[in-house]
Structures are given as C-alpha cells and as structure tokens.
Amino acid sequence: MGGQPLSGHVSVSGAKNSALVLLAATVLCSGECRIRNVPLLVDVARMGQVLEALGLKTRCLGDTWEIDARHINRAEAPYELVSQLRASFFAIGALLARMGEARFPLPGGCAIGARPVELHVRGLQAMGADVHIDSGIVFASIRGKSRLTGARIYLDYPSVGATETLMMAATLAEGETILENAAREPEIIDLANFCNAMGAKVRGAGTDTVVIEGVEKLHSTEHSVIPDRIEAGTFLVAAAATRSDLLVGPVIPDHMSATLAKLEAIGVQTAIEGTSIRVFPGQGLFATDLETLPFPGFPTDMQAQFMALLTLCEGSSTITETVFENRLRHVAELNRMGANIRVKDRVAIVKGVPFLSGAPVTASDLRAGAALVVAGLAARGKTTIRGLHHLDRGYENIENKLRSIGANIQRLNDFAEGAVPAAVS
C-alpha cells in the first residue's frame, strides 16, 4: 500500500528543458551534431518530428541523438506539432538566423498560463527582423538583408524561452547582441556551452546580461545534456513524503540549491555525495512558506510536487505562484486525497493533515501529474492516476524507476489513450 519507504539509488535522466532547446539549436549548425544524455520523452520525440519537418535528418540511438542539419530546406513548422509542444516555438530564432525567414504557429503545451511570445517578437524586431502575426501564425523575415543585426535588448521579464530564442538568433547575427535582464537558469548555460562548442561566441550565460558576438556559421560538435534538476527534485520530495533514505543522482548540486533549502526548512536532512544527493528522514515535517521565482529562486516546476509534501507537514504553509497563473489546478485532486488546501488567486494555504488517502485522481498538466504520484506514494491505500500523457512529457520511465527503489506502482494499459492510469498501492 502507499506509505512504503523508498530505498537505494534512483537515476536522473538528462534535463528535458535543456534537451529540447539543444535540439532546436541544431538548426543553427551547418554540419552534424551528436547530443548525448537525451531523455526518452514524448516531448523530445515531438521536437525530433519538428526538425524532420524542417528538413533536418535525425537518428536516435538510445540516449544519443545524431542530427544532420546540412540540408535544411523548409522555413515553416507544422501546426499539428508546434501546437502540442511550446518549446518547438523557440526554434524560430535559430531558423530565422539560418534561413532568413521563419513561419511558426503560436505555441501550445501544458495549459498552465498565457506564456505570451511578445518578448520573443520584440527581440527579433530589435535585431532587424520583420515580424507579424496573422491567423495564429508568426511570420518572420530579414527584409532583404543577408543577416540579422546585433542589438541591445532589454527583457521586461527574465523569460527562459525568450532568452533562448534571442540567444540562438544572435549567434549568426552581424555584430554584437546584448541581452539584459536575461534568464539565469542552468538550461541557459547548457545552451550557451552547446552553441560555443559549435563555434559561437556567447559569454555571460547564467548572469542577467548575456553578450553574443555573431559569427557567419556554426560547425559540427558533440555535447551531453545536463541532469534534470526537476526530476531529481521530484524524487527527493517523494523520499521526504515517504520518510525514506534515498540517493538521487547524477545531479549538479548548485542547480538544486532552492529545492534543498526548502527541504531542510521543513526538517528533511540532505547530504551531497559526489554527483548525487542523499535525503534522510528527519524527526518530523514542519510547515514552511514558499514563493516561485525565476532561477535561482524556487522553481515553478517544483511547486506542485512540494505542495503534495506540504500537505503532510505539521502546521500551515503558504505557497505563492508568481510565474504561471493557472498552475494550481492540482489542488482539487490533492484535496480529493484528504489534503486541506484553500486557494485565493495565486496563493494556496496548505494545512497539514496526519495522512493522505488513496483515491482516483486526474493529472491536469505535467507537474501536477508528478505531484499526484508523490501524494500516491505517501498515501494510505490505492491511488489511481489518470492523464499519464502529461507525465510522459517530462519523466522518462518513471514507474520503472520508482519500482526499482521499492514503490508499489504499475501502469495499466487497458484504457483509452490520454486516460491511461497508473496505480500506486
């Protein structure tokens, strides 16, 4: 039944959010690229389909992708793919820089908020592009010039997607581009390292000012995706919720600082052991407050999972979601399992309860699905989770990984697509 402790070591895959943008960045390359440690995910497969639609040739060998971008021949991405994967839109900057034009449908993905593309558009316009939106399609061109032009661009918000889009576009622009108030997430650094390995000249990634000196072309390279800090955080939270002693890795500890700080604030003990993190059960779990913020603040992608943990903490916790306005839809499902959570606008008040009870629940988005898995692992009785198509977008082989550390979980395949449940008992 739920509530069984986890033990042993659980492996962390390559970062989904990094792998997707690295695949998009291969559009910039005039040769072939090999990217290792790529997670096997639905979203990654969709990005591969987008690249194929643009004329790139891709080959997946386990966790290694080989991409031949020499003969790119299309400037238009198909609606049926971009509408399902927001990250595919970020390739518009790379495609515009490489081809001189790009046509992308407005992006889709999880329905967790508006996530507008104005910052992307304004940045490309500052670099000399003609950009307009018509009938849900973003049209961009260089207006008769051979290359984009470097510019000083201030982002009103440190958007990860806009930073990535404009960084990629600037690598092939003429002159220097300065991105101010840029996002500082680890995935930005990984993208800069990948571009530099192809011959780009990017500096300052990981700070709020990124400087890119444009070059005429980029060449072949190999690169390995960084570990997924959100997957690692999800396993750490699952261990805390089940009062387990668990080793999670590989990780880059500096990427985990905000998550580790909150775990320690509620009484969970952690220790860095080489490239892994060990979590130990403390004497008790205690309420704390958190607010989601851009990196290095507490990540919005960990908010739902941490909420599931806070339902079991003594006292009252406050969660303020500042990044996405619709990212509290998992509250109703957690309450179905016996949690005591009230929501007003973007603030959730979580009053700890002695235990959660297994129940049938449905994931509304990717991280909500992860939160329900955490809750099910800690709950008494059987929890059945529907909507696993969301979970499969961001967690590689999660049920087998959890089974390997002692979880009683199975995937049932005798349901319609989109409603395939996982049972945690």
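**Close-up 1. Proline 296 in the loop between β16 and α10 of the predicted model.** In this predicted model, proline 296 lies in the loop that runs between β16 (290-291) and α10 (303-310). The peptide bond that leads from phenylalanine 295 into proline 296 is cis, and its omega is near 15°.

**Close-up 2. Proline 250 in the loop between β13 and α9.** Another cis peptide bond joins glycine 249 to proline 250, with an omega near 5°. Glycine 249 is part of β13 (245-249), and proline 250 belongs to the loop between this strand and α9 (257-265).

**Close-up 3. Arginine 243 in the loop between α8 and β13.** Arginine 243 is found in the loop that connects α8 (229-241) with β13. Although arginine 243 is not a glycine, its phi is positive, at about 55°. Because its relative accessible area is 42%, arginine 243 counts as partly exposed.

**Close-up 4. Asparagine 37 in the loop between β2 and α2.** The loop between β2 (32-36) and α2 (42-53) is where asparagine 37 is placed. Asparagine 37 has a phi near 60°, which is a positive value in a residue other than glycine.

Close-up 5. Within helix α5 (residues 118-126), the residues Leu119, His120, Val121, Gly123 and Leu124 are buried. The elements that cover these buried residues of α5 include the helices α4 (91-99) and α6 (160-171), together with the strands β6 (130-134) and β8 (152-154). Just after α5, glycine 128 adopts a positive phi of about 95°.

**Close-up 6. The contact of helix α1 with helix α7.** Two packed helices are described by the angle between their axes and by the distance between the axes. The axes of helix α1 (residues 16-25) and helix α7 (residues 186-197) come within 9 Å of each other and cross at roughly 30°. That angle makes α1 roughly parallel to α7, because angles under 35 degrees are counted in this way. The crossing of α1 and α7 is right-handed. On the α1 side, Asn17, Ser18, Val21, Leu22 and Ala25 take part in the contact, and they meet Glu187, Asp190, Leu191 and Phe194 on the α7 side. By residue class, the contact of α1 with α7 is made up of five nonpolar, two polar and two charged residues.

How values were computed
Residues are numbered from 1 along each chain as its sequence is written. This is a predicted model: local features need pLDDT of at least 70, side-chain atom pairs count only at pLDDT 80 or more; totals for chains, interfaces and linings use all residues. Side-chain values use heavy atoms; hydrogens and water are left out. Axes are lines fitted to C-alpha atoms, for helices over the stretch in contact, and angles run from 0 to 180 degrees between N-to-C directions. Helices (H or I, at least four residues) and strands (E, at least two) are DSSP runs, numbered from the N terminus. Angles under 35 degrees count as roughly parallel, over 145 as roughly antiparallel, 65 to 115 as roughly perpendicular and the rest as oblique. A crossing is left-handed if the near helix is turned anticlockwise from the far one by less than a right angle, and right-handed if clockwise. Contact means heavy atoms within 4.5 Å. Ala, Val, Leu, Ile, Met, Phe, Trp, Tyr, Cys and Pro count as nonpolar, Asp, Glu, Lys and Arg as charged, and the others, Gly among them, as polar. Buried means under 20% relative accessible area, exposed over 50%, partly exposed in between (1.4 Å probe, protein chains only).
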